[in-house]
Amino acid sequence: MSGKPKLHYFNGRGRMETIRWLLAAAGVEVCLCGSLLFQQVPMVEIDGMKMVQSRAIANYIAAKYNLCGKDLKERALIDMYVEGMADLNELIMSHTFQPAEKKEQHFATIVDRATNRYFPVFEKVLKDHGQDFLVGNQFSRADVQLLETILAAEECKPDILAKFPLLQSFKARTSNIPTIKKFLQPGSQRKPRLQEKDVKRVMEIFH
Amino acid sequence: MSGKPRLTYFNGRGRMEPVRWLLAAAGVEFEEKFLETREQYEKLMKDGELMFQQVPLVEIDGMKLVQTRAILSYIAGRYNLYGKDLKERALIDMYVEGITDLMQMILTFPFLPPEAKEKNLESIKEKATNRYFPVFEKALKQHGQDFLVGNKFSWADVQLIEAILAVEEKIPAVLSAFPQLQVI
């Protein structure tokens with residue numbers, strides 16, 4: 001008997017957000033607990049396991065719901081894309097925690113990395129194969145991650161996709177996938193961006 | 001025709017070391033190309049070899065893989081070091097990710113200013129003995145098997161032994177409270 005997966009975390013994006021995206025993309029309903037039981041969060045109770053380590057959790061969900069490609073090589077490609085995007089996501093997420101005097105520089109780094117290092121790769125991938133999805137002509141976690149990252153980047157700089165027409169159409173198309181569309185509606189489990197006023201509270205919990 | 005995997009990195013441990021360990025554990029011979037100058041690195045980027053302009057780079061089975069975790073996952077899957085099913089893989093992933101967090105502290109250690117090193121060493125010792133090693137000690141004690149997961153040699157065992165040796169280099173007596181890990 002499995003029941004719905006239970007998510008334990010604080011009420012914000014952090015390291016749980018990608019997991020929320022994956023579960024939503026796979027159409028899996030979750031139960032929210034919000035309590036911090038263990039030394040380590042995120043923690044997800046799923047299929048009789050108490051899982052920690054966000055990557056381990058995300059890997060399990062992606063594999064269980066067939067979002068990992070059809071073979072080892074597709075999975076390798078998906079993993080490369082996902083890890084690259086995770087680096088960018090991490091950079092964006094850390095912006096709120098930057099001291100005031102470093103913020104402007106940090107923002108410039110985010111924009112530079114997004115537009116010169118990461119987005120060109122995915123624009124090219126989509127251009128080269130002309131398909132709707134990043135890998136193997138099939139919806140995968142790479143697509144979910146890319147959409148999550150694009151939206152986070154746009155929150156930083158709304159016109160950040162200006163030079164990337166294929167990413168723009170990818171964004172529109174992927175946002176329309178029913179499970180994703182549902183996740184993007186108000187009232188879903190998607191978390192808003194961390195506000196300055198909440199930084200102190202988060203630091204208190206985790207440091 | 002594939003030939004041996006080829007690793008491109010500077011001549012040191014850094015982020016490539018776990019890859020070397022895993023290939024060695026799988027019995028796979030590999031070649032290494034060492035980056036010794038800035039020009040070499042820039043040439044790699046210019047030639048479009050590095051997807052995100054970063055190393056490690058591993059050329060294997062016709063692919064140019066970057067991102068350490070992607071590389072390691074591929075090797076583990078390819079050489080049957082990833083458990084027999086999804087749940088075993090989940091356990092291996094959890095163990096590996098935990099160890100990676102610890103290894104990250106060791107990786108950054110040489111780059112710290114001298115005054116920060118002592119404090120960092122304390123932190124490594126504290127995390128190793130209070131957060132990470134107890135988990136593996138307990139796992140081994142509970143199932144009484146030789147390997148961490150599924151009674152079979154896996155990526156988790158390789159990563160653990162690498163971590164133990166790395167920590168011992170800094171803190172020789174770190175395993176004093178962990179008899180099971182000493183046996184490993």
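Predicted model: local features only at pLDDT ≥ 70, side-chain atom pairs only at ≥ 80, totals over all residues.
In strand 4 of chain B, B:K64 is the residue that stands opposite B:E59. Strand 3, residues 57-60, and strand 4 of chain B pair in the antiparallel sense, with 4 bridges between them.

- Chain B has an open sheet of 4 strands, arranged in the order 2-1-3-4 with mixed pairing.
- Strand 2 (31-34) and strand 4 (63-66) of chain B are the edge strands, each pairing on one side only.
- From one strand to the next, the twist averages 20°.
- As background, strands of a sheet pair through backbone hydrogen bonds, in either a parallel or an antiparallel sense.

- The loop between strand 4 and helix 3 (68-78) of chain B is where you will find B:Q67.
- Is B:Q67 buried or exposed? Its relative accessibility is 11%, and the cut-off for buried is under 20%, so B:Q67 counts as buried.
- Leaving aside residues up to four places away in sequence, B:Q67 touches A:M80, A:E83, A:G84 and A:D87 from chain A, along with B:F52, B:Q54 and B:P56 from chain B.

**Chain B as a whole**
- Chain B contains 7 helices and 4 strands, and along the sequence they follow the pattern β-α-β-α-β-β-α-α-α-α-α.
- The radius of gyration of chain B is 18 Å, close to the 16 Å from the globule rule for 184 residues, so chain B is as compact as a globular protein of that length.
- Taken along the principal axes, the box filled by the C-alpha atoms of chain B is roughly 50 × 45 × 25 Å.
- Among the 184 residues of chain B, 43% count as buried.
- Of the contacts in chain B with a separation of 6 or more, 58% come from residues 24 or more positions apart.
- Chain B has an accessible surface of about 9500 Å², and carbon and sulfur atoms account for 52% of that surface.

**Where chain A meets chain B**
- How many residues does the contact take from each chain? Chain A contributes 29 residues and chain B contributes 27 residues.
- About 2600 Å² is buried between chain A and chain B, with 61% given by carbon and sulfur atoms.
- A:Q53, A:M80 and A:R117 supply 22% of the area that chain A buries against chain B, more than any other three residues.
- One of these, A:M80, is also among the residues that B:Q67 touches.

Conventions. Residues numbered from 1 in each chain as written. Chains lettered and ligands numbered in written order. Heavy atoms only, no water. Pairing = 2+ DSSP bridges. Helix = DSSP H or I, 4+ residues; strand = E, 2+ residues; numbered from the N terminus. Axes fitted to C-alpha atoms, helices over the stretch in contact; angles between N-to-C directions. Buried < 20%, exposed > 50% of the residue type's maximum accessible area, 1.4 Å probe, protein only. Contact = heavy atoms within 4.5 Å. Rg over C-alpha atoms; globule rule 2.2 N^0.38 Å. Areas by Shrake-Rupley, 256 points an atom, 1.4 Å probe, with all protein chains shown as cover. Buried area = accessible area lost by both parts, 1.4 Å probe.
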